[in-house]
There are 2 protein chains.
Amino acid sequence: MNYQAYKQTEITGGFLAGKQNLNRKITINAVWNRFSDTGRIKAFSFDWKEGMDRKPHIFWDSDVAKWMEGAAYIIGKNGDKKLEEKVEGLIDLIEKHQQPDGYFNIYYTVCEPGNRFTDRNCHELYCAGHLMEAAVAYYDATGKDRFLKCMMKYADLIEKVFVKEKSAKFITPGHEEIELALLRMYRATGEKRYLELAKFFIEERGMHPEERIPAVQDYPVRRQKEVTGHSVRAMYLYTAVAALAKETDDEELKSRCRDIFEDVAHRKMYITGGIGSTRMYEGFTAKYDLPNRMAYAETCAAISLVFFCRNMLDIEKNSEYADVLERALYNGALVGLSSDGKAFFYENPLELNIRKLNRLIDSSRKPIQAISQRKEVFDCSCCPPNLNRFLEETESFLYDVEEKNVYVHLFAESTLQNGDIFVETKTEYPNSGTVHFSCRGAEKLFVRIPGWCKQFKISAPYTMDSGYAVIENPVEITVELEMKPKLIGTNLNLQNNIGRAALCCGPLVYCTEGVDNGENLHALYVGRDLDATISYAPEFDANVIETNGFRRTQADDALYAEYAESFEPVKLKFIPYACFANRGETDMLVYMHVK
Amino acid sequence: MNYQAYKQTEITGGFLAGKQNLNRKITINAVWNRFSDTGRIKAFSFDWKEGMDRKPHIFWDSDVAKWMEGAAYIIGKNGDKKLEEKVEGLIDLIEKHQQPDGYFNIYYTVCEPGNRFTDRNCHELYCAGHLMEAAVAYYDATGKDRFLKCMMKYADLIEKVFVKEKSAKFITPGHEEIELALLRMYRATGEKRYLELAKFFIEERGMHPEERIPAVQDYPVRRQKEVTGHSVRAMYLYTAVAALAKETDDEELKSRCRDIFEDVAHRKMYITGGIGSTRMYEGFTAKYDLPNRMAYAETCAAISLVFFCRNMLDIEKNSEYADVLERALYNGALVGLSSDGKAFFYENPLELNIRKLNRLIDSSRKPIQAISQRKEVFDCSCCPPNLNRFLEETESFLYDVEEKNVYVHLFAESTLQNGDIFVETKTEYPNSGTVHFSCRGAEKLFVRIPGWCKQFKISAPYTMDSGYAVIENPVEITVELEMKPKLIGTNLNLQNNIGRAALCCGPLVYCTEGVDNGENLHALYVGRDLDATISYAPEFDANVIETNGFRRTQADDALYAEYAESFEPVKLKFIPYACFANRGETDMLVYMHVK
């Protein structure tokens, strides 16, 4: 989280404001209610006993902490008293049940007392990190430091146990998160020991062969040029590494972050910005191994990629980081939330085949395919509260100010106020490519020209720098980004997509649904010479697209027959990928055949 | 096994004779050696004790029994003394260690004494069935009835425990096999109680809700019109059901067999005759769910489909049963054996992508994809000895004689002698479509016109009946089946194959391999207007095919870019699918893009 960027920005309307309003009115309360139903809130009373149901899970602290962080942002921006009461109530319990030495963890206090810091894979430091992030956010939002002080005390205990005494049974956490949280603690408090502790966990990773789990990014960060293992863990780690590299101006770490970014963005990322293609360990596999129907692409992973990209922009202004950030935000992350704001996807495949669901099960009889409709809560319910906080952090992705230069990374109806510098942005983006900036006090305006945009006009002279159009002494500036539907093909190494393309328009990836296009979406072909009609759909607050197309037909029901080609012309309707599965259970497909 | 068909036929040369010679010279001994190495042979000494390694597995009896059955056929045809000594040695041990009441099972005698017939899923009756099949085969081959008597005694015990006393802890076996074995026992001995016992196990299946395992064909046979569950179990069951229907002339059971055949052949069978598309329970999934790379298509399943089709031909002469039998034999079953005769595939995918291997693992870290090279033995090594016996049973698939009518189901260099009826077949099939029959004593010759053949010539007048050309008073008959390479497309519900086709020639399905065609076989397009050159390849004893084609090219390494089409012309080389993976580790693909 870049606090400067966050504090200087206000989103005033448009598409992203709509998502934030939904979060504030519906989603933040929906998650609270489900967390109450499932015992997650009650668990903070520390009164679970053996034999009772709703036994606290090792990651429940983190679920609620992410919700608290989201609530803190809302309180900071909107002053929501009811939310504040809930957060204060939780802080009361945290303060009450924190151990005298600073330790705080529900599971290891009520379920397994005596076993603290013995199991690397039990998410203790992960929970600690999320609590720290929530504490920093709440301190920033309200100025109240009670929660922050609890977490400083806990961080100090962690430093003692892991660095000074080395009395823990492991050296680095199995699930990264505390690293980036400690860097936020450092930035919030100025206490350098938190920077050092973050550095310790980052530098020690992978240095201890006994601590290597195949499915985790368990390699020495300074020697690692490829991304592996669990996708959220890897991205949380590199979010922290980028922040550490920035704070310490460490060129080696910056290079490694660039390597990792390149490996993700050029070889291991879905067109939606989804990452982590296998459910087996929720992680990255081989390069170009990006199956569509069996995609995992966890909502949290797209969010974590956004965080990493944001921190890369802190290191250097290069439009490619913002391109990937935007891709993951508008597609892979937002698809996680239903249009009514109450339900969530954990996994986000690029193809859904209703008929094939529920038939693929693993040896323990669990489905091995994504669900077809969003759910209100999961057993492992990390994604819903992650969306609560993520949606409130979008302000931090829009602008940067460096000296008198203003960088515009993303386009949204918003204002920027930084000292004497003021920018007001007017736009219907992503539903239009026209963006108007009214500027005061800026010497240069750096406007990102998105990778998806091949033609653009700017109402003033400009030069180009690292993917940004640079306008000197800007006042009233209009940028027109040509935003027309395009067929995007994939690298030939994505073998399932050969001969197919995804329809994209601006930052949005589109898909077809059965409810609009009938059965067997794979039999549909989009015309190579697109004849597209765009229209605004209020139900999605976004454009839908109609194109010419064809449906392949067959002579009879034979399973195998001499190859033949016959087609009938059809109209195809595409909706934004992030909006699929909001109109009942139906098939969905991103990559369409091209004819 | 149709003994009349088997005994009246001799395969005298050509492609199938080559496979049998390989089995007799190499494979039968290779499997014996690996079964010796792994303790399977030694287990018959019943001297394993707790703490020793190579603990007998619950299915080891069946592995060795299948090998014995294969050896018995070879002994019967070739009088192999060394093989006979090995089989006699095993029979000595079986006789010695059979319990006084007739019980015989290694695992439940040495590892879990006292627990016999308590666990439906522990393959006791499955092992018993395979031992019975071996005993019948050895009796038929040698006239020696020692083994058969042991197994009759065991069958009588099973009747007592399961039917008379009902003292077993289950009613029907978890893995079918004993049903078809008892019907063979009935045919060999004339003892009707074995028919009744087979009928009992068939009729009771699915009638007891407590015995329903989702992954098993656990439904009442008389009410079941769709095939589900474990593919080998289902096909062994319906092989028995078809035999029972034939023996008892039960029209309802015949209808159910037709339903099951249609569901398999029209909706759930790979083009190779492979069946059972998921590794999760080695079984059938939804109709048209036939993934290529993740295909399971166990070798034993293709073999079991052949057995089922053969028994359907016993019920009624319809060329479609022989079409599917031939498809499964020449492709899905034979692919299980390496060209050197020593190594085996268990799973038979229709696509192999070396780069993607070893990255897809399940939650217990086991690969969830087929291996790329055949292995000499498996922990679960059912397929190798199943090939030992299956290859020796091919005689039984070629002809039927009914009164003075001769049916030719498959084409192979062979003779048929049945009373006064004699047919000699000369052909280079499947490497040529020309087949010559010299006939004596037949009133009608029914020659199957394969489903793959659209043009044919016969040197005498004929009529058509159920897919067979009927020639009256045949003497010297030449049939010319047009056998040219064709592109075979699939039903549009096989969505991965839309826009693709498999090259087929006669009964053989072809594939491309990386070793011939370079990297990324998915980027290759076969020309829609085939320009094919056929040439005989001695290494495969089969034809290989070269065609015109194209390779899709890309401008750069971008992961996502505006959709474009560019191609370069290439020559494509296809080899029979059954011959893939004999020239080192390389990619393989059946369904090619068509341009």
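A quick term before we start: a crossing is called left-handed if the near helix is turned anticlockwise from the far one by less than a right angle. Keep in mind, too, that this is a predicted model.

**Stop one: a helix pair**

Select residues 299–315 of chain B, which is helix H12, and then residues 383–392 of chain B, helix H14. Their axes come within 9 Å and cross at roughly 30 degrees. Angles under 35 degrees count as roughly parallel, so H12(B) and H14(B) are roughly parallel to each other. As for the hand, H12(B) passes H14(B) in a left-handed crossing.

Now show side chains: which residues of H12(B) and H14(B) make the contact? From H12(B) you want B:Thr299, B:Cys300 and B:Ile303, and from H14(B) pick B:Cys383, B:Asn386, B:Leu387 and B:Phe390.

Switch to cartoon and look for an open sheet of six strands in chain B, in the order E1-E5-E6-E7-E12-E9, with antiparallel pairing. To find the edges, select 9–11 for strand E1 and 456–458 for strand E9 of chain B; each pairs on one side only. Going from one strand to the next, the twist averages 15 degrees.

**Stop three: one strand pair**

Zoom in on residues 414–418 (strand E5) and 421–427 (strand E6) of chain B, an antiparallel pair joined over five bridges. Where does B:Gln417 find its bridge partner in E6(B)? Click on B:Phe422: that's the one.

How values were computed:
Residues are numbered from 1 along each chain as its sequence is written. Chains are lettered from A and ligands numbered from 1 in the order in which they are written. This is a predicted model: local features need pLDDT of at least 70, side-chain atom pairs count only at pLDDT 80 or more; totals for chains, interfaces and linings use all residues. Two strands pair if DSSP finds at least two bridges between them. Helices (H or I, at least four residues) and strands (E, at least two) are DSSP runs, numbered from the N terminus. Axes are lines fitted to C-alpha atoms, for helices over the stretch in contact, and angles run from 0 to 180 degrees between N-to-C directions. Angles under 35 degrees count as roughly parallel, over 145 as roughly antiparallel, 65 to 115 as roughly perpendicular and the rest as oblique. Two residues are in contact if their C-beta atoms, placed from the backbone, lie within 7 Å.
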